[in-house]
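Here is a short report on one protein model and the ligands it holds. Look through the sequence and structure, then read on.

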Amino acid sequence: MERTLIEKTPGLVGQIIKLRGWVSIRRDHGKLIFIDLRDRTGKIQMVIIPDKEEAYNAAKEVRNEYIIEVEGLVKARPGGAKNEKTPTGGVEIEVEKLLVITKPEVEFPVNIADEEMNLQLETLLDNRTVTLRNEKIKAIFKIYAEMVGAYARFMKGESFVEIKTPKILNSATEGGANFFKIKYFDQDAYLAQSPQFYKQAGAAVFERVFEIGSVFRAEPHYTTRHVNEYIGLDAEMAFIDSFEEVMDELEKTMQYVIGEIAKNCPAELALYGVEISPVEKIPRMKLTEALEILDKEYGKKMEDVDIDAEGERLICEWVKKNHNSDFVFLTHYPTNIRPFYSMPSPDPQYTETFDLLFMGVEIASGGQRIHDYNQLVASMKKHHLNPEDFAHYLDIFKYGIPPHGGWGLGSERIVQKILGLGSIKEAVLFPRDVKRLTP
Ligand code: ATP
Ligand code: MG
């Protein structure tokens, strides 16, 4: 007999079927044994009665998280409609045969059957291979997968070409200290802390490119929004007239991605009590305006002309209150806090760049890039970088590239914020932080 998936069971009342999956819970009621079985498509209740002696004896040995195969009769559940909160709540399986496929060798360190495990972050992550089995935790990664898939679909629909760029580099991409040095045969190499240069090379060829790829940051952060390896959703687009077009594109992307999560993950969102409303037009304001608002409304003065994490949180609060938006673009960051390749504004103190904030944190940085070779070399020098160290990068401009711009969007922060997770690490399958290289 072929295996049936649990989601198909409501349509199979009266038939004998075979299921395979994990035992979520075994409960005994008098002489009856109840097992909740789950597979990738759902969960169903099974009953084992003493009359089916072999199955019954086998069931008596079964514990939570055993991996089993059963054959049994699909029956409408006596409880009727009140069980039909879940798609398979209206049916149950009367088990005829039960076979243990694999069983755990040891006790589980945590009770993953509880919807709310209420674990410390460290415990949750130390036992990741186990805690991932919990329904609510699994839901995070279903939503994550939907998000990444939606991003790729949208980009392709907008005729961006998907590229994959190298993560082992022979020099640190943008200068700076936040790169990991590795041994590469008989030389030193670095892990990429951005696909920036390669996606610009891509834009010079394909006009529009996007990448979903690993980004490594050797920042010794202890925050709720940083990990040392994350997945960046990058894009770069050529023949733009201004960086407003880059924001337009990112805005449309977020509208689609958030919309797809709302449409395709209702059950997962419900586990977190989250209702998503459509993303409307995203307000845009200059960074200097944001700083004025922070000063006036919150009495918060920033030391330099930049915004810190608390400022980002407060300005999002203000935008939510005054514009009813979870998103805001802050624009025109000062030249001295943006990378050398940023296009200067008509007032050259500022740049044609933006950050996108979502529910209190930065989720993306982007802008128009300098495309003129001589201007770029001059900008490098102003940033105390040696153009000779960037010879291959500069080739892109030597041979000509259209005006272009793009963004780097962090994937994990989006899911963290949608679900209200305390730490970004909860939105990473196996996170890497300053202290954590395992599991
Ligand atoms: P922050 O100021 O929050 O540290 P950043 O400005 O250094 O971020 P960018 O270089 O602009 O980050 O990277 C683009 C996006 O990648 C960020 O907006 C964010 O969503 C994500 N990102 C950057 N660093 C990290 C990190 N260490 N962990 C997780 N996501 C990150
Ligand atoms: Mg940034």
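## Terms and ground rules

A residue is called buried when its relative accessible area is under 20%, exposed when that area is over 50%, and partly exposed in between (1.4 Å probe, protein chains only). Helices (H or I, at least four residues) and strands (E, at least two) are DSSP runs, numbered from the N terminus.

This is a predicted model, in which local features need pLDDT of at least 70, side-chain atom pairs count only at pLDDT 80 or more, and totals for chains, interfaces and linings use all residues. Residues are numbered from 1 along each chain as its sequence is written, chains are lettered from A and ligands numbered from 1 in the order in which they are written, and side-chain values use heavy atoms, with hydrogens and water left out.

## The whole chain

The protein chain has 12 helices and 16 strands. Its C-alpha trace spans about 85 × 55 × 40 Å along the principal axes. Of its 439 residues, 50% are buried.

The accessible surface (Shrake-Rupley method, 1.4 Å probe; for residues, only the protein chains shown count as cover) is about 21,800 Å² for the protein chain, and carbon and sulfur atoms hold 51% of that. Contact means heavy atoms within 4.5 Å. Take the contacts in the chain between residues at least 6 apart in sequence: 64% of them join residues at least 24 apart.

## Helix 5 and its cover

Helix 5 covers residues 196-206, and its buried residues include Q196, F197, K199, Q200, G202 and A203. What lies over these buried residues? The cover includes strand 10 (208-216), strand 11 (229-238), helix 11 (391-398) and strand 16. After helix 5 comes E207, with a positive phi near 70 degrees.

## Around ligand 1

How many residues surround ligand 1? The shell has 14 residues, each with a heavy atom within 4 Å of the molecule. The closest are R217, H226, V227, E362 and I363. By class, the shell holds five nonpolar, four polar and five charged residues. Here Ala, Val, Leu, Ile, Met, Phe, Trp, Tyr, Cys and Pro count as nonpolar, Asp, Glu, Lys and Arg as charged, and the others, Gly among them, as polar. Strand 15 (361-368) and strand 16 (404-410) each supply at least two shell residues. Strand 15 gives the most, with four.

For H226, an N or O atom is 2.5 Å away. For S365, the distance is 2.9 Å. For R413, it is 3.0 Å. Taken alone, ligand 1 exposes 580 Å², and the protein buries 82% of that.

## The magnesium ion

Which protein atoms are donors of the magnesium ion (ligand 2)? They are E362 (OE) and S365 (OG), at 2.1 to 2.3 Å. Donors are N, O and S atoms within 2.8 Å of the metal (3.2 Å for Na, K and Ca); water is not among the atoms, so sites may look incomplete. E362 is partly exposed, at 24% relative accessible area. S365 is partly exposed too, at 24%.

## Two residues elsewhere

K18 sits in strand 1 (residues 16-29). Is K18 buried or exposed? K18 is buried, with 11% relative accessibility. A polar atom of its side chain lies 3.0 Å from the backbone oxygen of M1. Beyond its neighbours within four places in sequence, K18 contacts M1, E2, R3, T4, E69, V70 and E71.

P166 lies in the loop between strand 6 (161-162) and strand 7 (168-169). P166 is partly exposed, at 37%. Its contacts, leaving aside neighbours within four places in sequence, are A192 and Y198.

How values were computed
Polar contact = N/O pair within 3.5 Å; in protein donor to acceptor, adjacent residues only side chain to side chain.
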